[in-house]
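Please keep the sequence and the model in view while reading the points.

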Amino acid sequence: MAVSSSLSPRLFNASFERRSDPEFSGATRGDKPGQRRFSPFRCGTASFVGGGGGGVSSLIFKFPPNFVRQLSTKARRNCSNIGVAQIVAAKWSNGPTSGSPSSAAAQAAAAASAASAAASPASTPVELTAVDDVAVIEGCNSNGSVQNASFLRSDGSIAIHAGERLGRGIVTDAITTPVVNTSAYFFKKTAELIDFKEKRHASFEYGRYGNPTTVVAEEKISALEGAESTVIMASGMCASTVMLMALVPAGGHMVTTTDCYRKTRIFIETMLPKMGISVTVIDPADMKGLESALDQNNVSLFFTESPTNPFLRCVDIELVSKLCHRKGASVCIDGTFATPLNQKALALGADLVLHSATKFIGGHNDVLAGCVSGSLDLVNQVRNLHHVLGGTLNPNAAYLIIRGMKTLHLRVQQQNSTALRMAKILEAHPKVQRVYYPGLPSHPEHDIAKQQMTGFGGVVSFEIDGDLMTTIKFVDALKIPYIAPSFGGCESIVDQPAIMSYWDLSQSERMKYGIKDNLVRFSFGVEDFEDLKADVFQALETI
């Protein structure tokens, strides 16, 4: 089958737009009057003519419909990792679509190719054949060498620009989202850059401000949360700190809760006061305390986790949102423990929802990320500061988030089920003093959790009947879970917060936060329930 031209681009979304080939003006060294701007591309004895007159048209191969399936795994991966300004969806066909904008250009290119072939009788057509599931271009030299455009005169320039500066004609219809590994994006002309700056042209500009792969992750999270916009960052703490600095003005006031992730508390207690920001800390269930803080202060933001870490306390999001909105305060809920599947904080009235995407969203204990979702106005305030501070998520990490989210519902269903069943078993066990899980009637906010959650999450906290050393013995006897920080992954993880998160504090200081020496936080993975139950039982038998 002879290789022909014409590629009909289609748009993925507003962020994925095909860049046309760059147009270069002015003569280059060695050009003669009337000579084509670019030398033909040559593969063996086959001659490809890339355009006519003074314009530029990079070589575009059009492959049969089954071409992508013929690519080897390595070739597919190389095609997927395009790494240019925008990703294109290409329409493969055996001929130009009738009436399409590119039809005339395709016919002209075909005519030019025919004319060239007539002028060069020695040239042989280039054929595509499938050998061992790999597409092969026949007629190429054994060394695969290709002569590049005439203005690329050195190997250094060719190594930098070949296949990129001239625009990419070969693109992929890969099922998976390509990873765009680039730090910056180019503009064909200064006029296009000005159009971009004045918002008449949609594009990317610099890697810290956006990336096509990252945008896919953001849009996927927005869809799950029912949000207008999402900004994703390098970690959950990055998302938390940038959000707080963006939404609480210098000299302002915010409200948070007693039970929360320790590093968040440290930032609120030590860094925000340096900006003149004061904080009221209330119990998650203390609505009177919240009303008092709203009445006595000009509160900009109420921020809490729901469920909280590590006691899984739940805030009445709907009530909190109504109280705060009456006083002009915004509400941000950290829904990491809940996941977007178990709880829809925005639908309950919150203005923003935040996640450490490292946990359930990524779900494989292999990537760090954080995100903030909500209205376009509020998210843009966070995004603008994020662009200044950095903390950009690498596109490869964004791909892992996208990949992880494809199994989010399957993982969360299993983790919800295992955690609830294990919480009931642990609560009935004589060697367990207390269990903290919002799915249990004994939990102080069980009724609230039932109203605003469809599942109660995969983490269970409980207190062993014993002291620090007894609890250590139990943890060390477990065979399935890893002793590690974090939670929400496929693998079960267990930790003793007194050691993992608060070991630098004395026992009396830990008790101020309710952290007892016998407290265990168990993140149930997607292992078989019976295996996990047996493992927990045998570990309890050792104490």
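The points below go from the overall make-up to individual side-chain pairs.

1. Basis of the note. The model is predicted, and local features need pLDDT of at least 70, side-chain atom pairs count only at pLDDT 80 or more, and totals for chains, interfaces and linings use all residues. Residues are numbered from 1 along each chain as its sequence is written, and side-chain values use heavy atoms, with hydrogens and water left out.

2. Overall make-up. The protein contains 19 helices and 18 strands; these are DSSP runs numbered from the N terminus, with helices (H or I) of at least four residues and strands (E) of at least two. Of its 543 residues, 48% are buried. Here buried means under 20% relative accessible area, exposed over 50%, and partly exposed in between, with a 1.4 Å probe and protein chains only.

3. Contacts and surface. Among contacts with a separation of 6 or more, 74% are between residues 24 or more positions apart, a contact being heavy atoms within 4.5 Å. The exposed surface comes to about 24,700 Å², and carbon and sulfur atoms supply 54% of it; areas follow the Shrake-Rupley method with a 1.4 Å probe, and for residues only the protein chains shown count as cover.

4. Salt bridges in total. Side chains of opposite charge can pair when their charged atoms come close. A salt bridge is counted where a side-chain nitrogen of Lys or Arg is within 4 Å of a carboxyl oxygen of Asp or Glu, and this rule gives 16 of them. One network of salt bridges links Asp195, Glu198 and Arg200.

5. Lys327 and Asp295. The closest N and O atoms of this salt bridge are 3.2 Å apart. Lys327 sits in the loop between α10 (317-326) and β11 (330-334), and Asp295 belongs to helix α9 (residues 287-296), so the pair links distant parts of the chain, 32 residues apart. Lys327 is partly exposed at 46% relative accessible area, whereas Asp295 is exposed at 53%.

6. Asp366 and Arg403. In this salt bridge the closest N and O atoms are 2.9 Å apart. Because Asp366 lies in the loop between β12 (352-356) and β13 (370-374) and Arg403 in helix α13 (residues 395-405), the pair ties together parts 37 residues apart in sequence. Asp366 is partly exposed, at 37% relative accessibility, and Arg403 is partly exposed, at 27%.

7. Lys516 and Glu463. Which side chain does Lys516 meet in a salt bridge? The partner is Glu463, at 3.7 Å from N to O. Lys516 is in the loop between α18 (507-511) and β18 (519-523) and Glu463 in strand β15 (residues 459-464), so parts 53 residues apart in sequence are tied together. Lys516 is partly exposed at 34%, while Glu463 is buried at 2%.

8. Asp283. This residue lies in the loop between β9 (278-282) and α9 and is partly exposed, with a relative accessible area of 30%. Beyond its neighbours within four places in sequence, Asp283 is in contact with Thr258 and Arg313. A polar contact of 2.9 Å joins the side chains of Asp283 and Arg313; the term denotes a pair of N or O atoms within 3.5 Å, where within protein one must be able to donate a hydrogen and the other to accept it, and residues adjacent in sequence count only if both atoms are side-chain atoms. The backbone nitrogen of Ala285 is 2.9 Å from a polar atom of the Asp283 side chain.

9. Cysteines. How many disulfides does a search of the whole structure find? The search finds zero, with a disulfide taken as a pair of cysteine sulfur atoms within 2.5 Å. Cys332 is buried at 0% relative accessible area, and Cys490 is buried at 19%.
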